[in-house]
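This briefing sets out selected features of one protein model for computational work.

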Amino acid sequence: MGHLTVADLMTPSVISVQRGTTFKEIARLLSESDVTAVPVVDEGGRPVGVVSEADLLRNRSTGGARDAGALMSHPAVTAEPRWNVVHAARVMEEHRVKRLPVVDAAGRLVGVLSRSDLVQVFLRRDRAIQEEIVEEVVTRTLRLSPSSVNVEVSEGLVTLSGAVHSPDTVPLLLRLCQSVDGVVDVVDHLSHETPAEDARPGTAPTTAGKEEGTSTHTEWGSCHECGPAPPPLPPGGVIRRGTPGRRGRASAPRAAPSGPGPRSGAGPRPPRVPPAQGAFVASRGSRARGGW
């Protein structure tokens with residue numbers, strides 16, 4: 001994306017004066033040439049100052065200046081032919097001048113750039129402005145699809161609409177369009193696409209990939225898949241039930257081991273109650289002492 005240069009807009013036919021040019025001769029040149037200022041050059045053609053209509057009028061109140069050397073504003077603020085118009089306009093604004101003598105590589109006067117020359121930029125055709133924005137700004141610089149951004153230009157007013165992927169692209173696009181030669185202003189009707197958000201913590205887990213007949217729960221709970229929750233475990237262990245004894249009778253639970261062992265994870269068991277002193281227990285096929 002390139003701008004017009006000083007060489008494209010400057011006035012090459014330059015009227016200049018030297019230090020010894022008289023007050024009256026300068027006034028005559030300004031009137032005949034229909035210009036508001038003339039550069040003052042030395043013997044080598046290098047600008048050393050500028051005499052303007054304001055300088056002549058100022059001397060009417062102060063007096064004392066009779067030639068260009070005494071009337072001129074110096075040193076001369078100059079421009080180069082390769083400068084773009086944006087840089088030239090910035091220099092004019094910084095130094096508060098209305099014109100810039102243009103010099104070549106040797107410093108010799110080759111033209112003059114005035115504010116009226118810069119105004120020519122805004123006479124650029126709307127079609128040319130639109131083509132530069134689409135081809136240079138949207139496609140080549142930002143690498144966006146031309147179909148994603150709609151560019152309309154009317155009397156130098158650029159209107160942008162469509163959608164871009166990143167919100168950071170919008171201000172950059174506006175700034176680049178504003179810098180295109182001939183653009184008066186830019187109207188922003190752009191939007192940016194927001195990517196889908198990932199699942200946040202606390203949302204229900206997905207059951208994707210779940211096989212039929214299996215549960216997705218990782219903790220015990222009661223639901224329509226798992227049914228009611230099992231009873232809670234006692235401290236330290238596993239519930240161990242008595243095993244069937246002889247002739248279908250349930251054997252008494254064994255006493256819990258006193259020390260840690262392979263059953264250390266089991267819960268506490270009730271202690272075995274010893275028989276009373278002097279009592280006898282009947283065994284199979286015998287009678288208890290003392291008769292029946």
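Helices (H or I, at least four residues) and strands (E, at least two) are taken here as DSSP runs, numbered from the N terminus. On that basis, the secondary structure of this predicted model comes to 8 helices and 8 strands. The protein has 292 residues, of which buried residues make up 26%. Among contacts with a separation of 6 or more, 57% link residues 24 or more positions apart.

**Packing of α7 and α8**

- Helix α7 spans residues 126-141 and helix α8 spans residues 169-178; the two pack at an angle of about 145°.
- Their axes lie 11 Å apart, and the crossing of α7 and α8 is right-handed.
- On the α7 side the contact is formed by I133, V137, V138 and T141, which meet L173, L176 and C177 in α8.
- By class, this contact of α7 with α8 has 6 nonpolar residues and 1 polar residue, with no charged residues.

**The largest pocket**

- The volume of the largest pocket is about 740 Å³.
- Its lining is made up of 31 residues, and those nearest the centre of the pocket are T36, A37, V50, K98 and R99.
- Strands β2 (37-41), β3 (47-52), β4 (99-103) and β5 (109-114) each give two or more residues to the lining, as do helices α3 (53-62) and α6 (115-119).
- Helix α3 provides the largest share of the lining, with 4 residues.
- Sorted by class, the lining of the largest pocket has 14 nonpolar, 8 polar and 9 charged residues.

**Backbone geometry in the loops**

- The peptide bond that joins H74 and P75 is cis, with omega at about -5°.
- P75 belongs to the loop between α4 (68-71) and α5 (85-95).
- R96 is found in the loop between α5 and β4; phi of R96 is near 55°, a positive value in a residue other than glycine.
- The relative accessible area of R96 is 74%, and exposed means over 50%, so R96 counts as exposed.
- R143, located in the loop between α7 and β6 (149-154), also is not a glycine and has a positive phi of about 55°.
- Because its relative accessibility is 72%, R143 is likewise classed as exposed.

**V183, a buried loop residue**

- V183 occupies the loop between α8 and β8 (185-192).
- Buried means under 20% relative accessible area, and V183 has 5%; therefore V183 is buried despite its place in a loop.
- Once neighbours within four places in sequence are left aside, the contacts of V183 are F122, I129, G156, V158, C177 and Q178.
- One of these contacts, C177, is also among the α8 residues that meet α7.

**V85, a buried helix residue**

- V85 lies in helix α5 and has a relative accessible area of 7%, so V85 is buried.
- Between the C-alpha atoms of V85 and A7 the separation is 9.5 Å, although the two residues are 78 residues apart along the chain.
- With neighbours within four places in sequence left aside, V85 is in contact with H3, L4, T5, L9, L118, V121 and D181.
- L118, one of these contacts, falls within α6 (115-119), a helix that gives two or more residues to the lining of the largest pocket.

How values were computed:
Residues are numbered from 1 along each chain as its sequence is written. This is a predicted model: local features need pLDDT of at least 70, side-chain atom pairs count only at pLDDT 80 or more; totals for chains, interfaces and linings use all residues. Side-chain values use heavy atoms; hydrogens and water are left out. Axes are lines fitted to C-alpha atoms, for helices over the stretch in contact, and angles run from 0 to 180 degrees between N-to-C directions. A crossing is left-handed if the near helix is turned anticlockwise from the far one by less than a right angle, and right-handed if clockwise. Contact means heavy atoms within 4.5 Å. Ala, Val, Leu, Ile, Met, Phe, Trp, Tyr, Cys and Pro count as nonpolar, Asp, Glu, Lys and Arg as charged, and the others, Gly among them, as polar. On a 1 Å grid over the protein atoms alone, a cavity is a set of points where a 1.4 Å probe fits but cannot get out, and a pocket is an open set with protein on both sides within 12 Å along at least five of seven lines; lining residues have an atom within 4 Å of a point. Grid points are joined across faces, edges and corners, and a volume is the space filled by probe spheres set on the points. Buried means under 20% relative accessible area, exposed over 50%, partly exposed in between (1.4 Å probe, protein chains only).
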